[in-house]
Amino acid sequence: MSNRAAELDIEGLWTRCRDLSDIAARNALIEHYSKLVRMVAASLYGKRPDDEIEFDEYYQFGLVGLIQSVDRYRPDKNAAFETFASYRIRGAILNGLEKVTERRDQSAFRARMRKERLASLSDTNNKKQNSSLFEEMVNLTLGLAVGFMLEDTSLIQKDEANYDDRAYQSTELSRLKSLLVDAVDTLSERERLVIQYHYFQQTPFENIADILSVSKGRVSQIHKRALMAIREKLRGPENLDGYF
């Protein structure tokens, strides 16, 4: 087949895709121009800052841009499809990479925050005398449980008029959410500030230390003491032993 025949065939595919909404023609165009996606993806991949995102992801992001281009392109506008699509493919890849990087950064940040909490609760310098290994493991587990519950409540404030209860459909969890607010309010000022900064405002221990003008180790100690106080509050007269 000559180049001219191939061009006429592509023109025919565009006509069928545009005028007849022919799915087969649309798919054929996407397949035909997929090499353009690979070229743009390869160009961006060659400039990648690291190897954490594989080429296949670049290509898949670009394919989304190609599909959008095929659906929106009008051959009668006197613009070459390759030019029209290249911008969209590049934009789709960059947008996809930005979202992946953001999710990766958020995941790393959450992991770092949880590592701080674990280190705080595992602090061997503040273990009770004569406490058994089993007791320390129980305390660690319960402390982490309280931390996860605080994290799940997001930003809870006592003076908020309404709570978003979509994630807390059961009566028990709604009650627990309210009790957590009450328990945080009973803490000492520094304990309350550490809990509010760390869990409600997602502030790392190091930054809290700067805010409170204390050492990071001191923040870790206050954090542990605060979680233990909240745990005891929840195990008190409200009779929530079933949660721990």
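Student: At roughly what angle do the axes of H8 and helix H9 cross?

Tutor: The axes of H8 and H9 (residues 205-212) cross at roughly 135° and come within 10 Å. The axes are lines fitted to C-alpha atoms, for helices over the stretch in contact, with angles from 0 to 180 degrees between N-to-C directions. This is a predicted model, in which local features need pLDDT of at least 70, side-chain atom pairs count only at pLDDT 80 or more, and totals for chains, interfaces and linings use all residues. Residues are numbered from 1 along each chain as its sequence is written, and side-chain values use heavy atoms, with hydrogens and water left out.

Student: Why are H8 and H9 called oblique to each other?

Tutor: Angles under 35 degrees count as roughly parallel, over 145 as roughly antiparallel, 65 to 115 as roughly perpendicular, and the rest as oblique. The crossing is at roughly 135°, and H8 and H9 are therefore oblique.

Student: Which residues of H8 and H9 meet?

Tutor: Arg190, Leu193, Val194, Tyr197 and His198 in H8 meet Phe205, Ile208, Ile211 and Leu212 in H9, where contact means heavy atoms within 4.5 Å. These residues divide into seven nonpolar, one polar and one charged. Ala, Val, Leu, Ile, Met, Phe, Trp, Tyr, Cys and Pro count as nonpolar, Asp, Glu, Lys and Arg as charged, and the others, Gly among them, as polar.

Student: What makes His198 buried or exposed?

Tutor: Buried means under 20% relative accessible area, exposed over 50%, and partly exposed in between (1.4 Å probe, protein chains only). His198 is at 0%, so His198 counts as buried. Leaving aside neighbours within four places in sequence, the contacts of His198 include Met113, Glu116, Arg117 and His223.

Student: What makes the aromatic pair of Tyr73 and Phe84 tilted?

Tutor: The structure holds eight aromatic pairs. In the one formed by Tyr73 and Phe84, the centres are 5.5 Å apart and the planes are at 45°. Rings of Phe, Tyr and Trp (its six-membered ring) pair if their centres lie within 6.5 Å; planes under 30 degrees apart count as stacked, over 60 as edge-to-face and the rest as tilted, so 45° gives tilted.

How values were computed: Helix = DSSP H or I, 4+ residues; strand = E, 2+ residues; numbered from the N terminus.
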